[in-house]
Amino acid sequence: MPELPEVEVVRRGLQAHVAGRGIARVEVLHPRAIRRHELGPEDFTGRLAGARVEAARRRGKYLWLELSDKEAILAHLGMSGQMLVQPEGAPDEKHLRVRIRFDDGGPELRFVDQRTFGGLALADLVTSDGTLLPAPIAHIARDPMDPAFDPAEAVKALRSRRTEIKRALLDQTLVSGVGNIYADESLWRARLHWARPTEKLTRAQGAAVLEAATEVMNEALQAGGTSFDALYVNVNGQSGYFDRSLNVYGQGDRPCRRCGTPIRREPFMNRSSYFCPRCQPRPRRSS
């Protein structure tokens with residue numbers, strides 16, 4: 001699923017192509033795409049007609065279009081959701097779910113989703129920690145790229161939990177934006193095993209893994225994000241190429257780029273964790 005860098009790439013594209021435009025008409029071509037909008041397709045399309053897109057926003061892995069009336073179109077990209085900007089009249093994509101036309105007659109915004117795990121919904125904007133956020137995600141923590149992100153408070157939050165460090169990194173109420181890929185990459189850079197107990201982390205170790213997360217996600221952003229197939233793309237339909245720079249994620253049995261030891265893969269929360277057994281030794285069990 002898209003993580004912070006991939007979502008930020010999409011947000012920047014939406015800000016460039018959609019912000020400041022008025023919505024003329026919305027078509028819902030598959031009801032599942034707006035299943036999170038409990039009032040249904042007619043309410044969704046009716047309330048959006050005549051609205052104006054003020055800006056494209058993001059917190060962590062969450063993306064929304066801020067509207068002029070303190071509402072937002074909250075987008076869940078899921079595993080295959082795409083926000084595409086296409087010329088009006090361009091052939092419809094096979095898995096086109098929602099079409100948004102604008103009153104200037106320019107390119108339209110299309111939500112395409114092959115697996116239909118993603119979707120769009122209208123949400124009220126509420127103030128949380130001094131920032132306007134869609135109500136369903138008001139509990140989400142700031143991410144390391146947020147100008148108001150407080151690393152010391154984030155380290156404190158991580159160390160206050162009694163869990164494994166990777167589980168804590170994936171907890172979006174502690175630090176947002178980090179998913180399975182960048183958690184593995186950050187832990188490799190910080191030389192920490194994914195199962196290290198958070199309550200035993202030193203402040204220096206906590207700071208190191210958050211600094212590594214910021215570093216690796218910035219690098220991924222410069223590469224347009226990580227794409228393993230054609231499902232993650234930016235608004236122009238282009239894939240990112242950071243997968244070429246991954247050090248551990250998806251690199252099982254390949255030599256560690258730092259020490260040459262084969263990278264190991266282990267099951268983790270119905271997914272996988274990749275790590276170097278030499279650079280990231282497993283923590284000793286407490287006696």
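Before we click on anything: two residues are in contact here when they have heavy atoms within 4.5 Å of each other. Also keep in mind that this is a predicted model.

Start by selecting residue P2, in the segment before α1 (4–17). Is P2 buried or exposed? It's buried, because its relative accessible area is 15%, and the cut-off for buried is under 20%. Now show what surrounds P2: setting aside neighbours within four places in sequence, it is in contact with V7, K61, L77 and G78.

Hop over to K61 next, in the loop between β2 (53–59) and β3 (62–67). Its relative accessibility is 28%, so K61 counts as partly exposed. With the neighbours within four places again left out, the contacts of K61 include P2, E3, L4 and V7.

Then select 247–281, which the unreviewed UniProt entry annotates as "domain: FPG-type". The span is 0% helix and 29% strand, and its end C-alpha atoms lie 16 Å apart.

Finally, zoom out. The cartoon has 6 helices and 11 strands, and the C-alpha atoms fill a box of roughly 65 × 40 × 30 Å along the principal axes. Of the 287 residues, 54% count as buried.

How values were computed:
Residues numbered from 1 in each chain as written. Predicted model: local features only at pLDDT ≥ 70, side-chain atom pairs only at ≥ 80, totals over all residues. Heavy atoms only, no water. Helix = DSSP H or I, 4+ residues; strand = E, 2+ residues; numbered from the N terminus. Buried < 20%, exposed > 50% of the residue type's maximum accessible area, 1.4 Å probe, protein only. UniProt positions renumbered as here; feature names shortened; annotations may be inferred.
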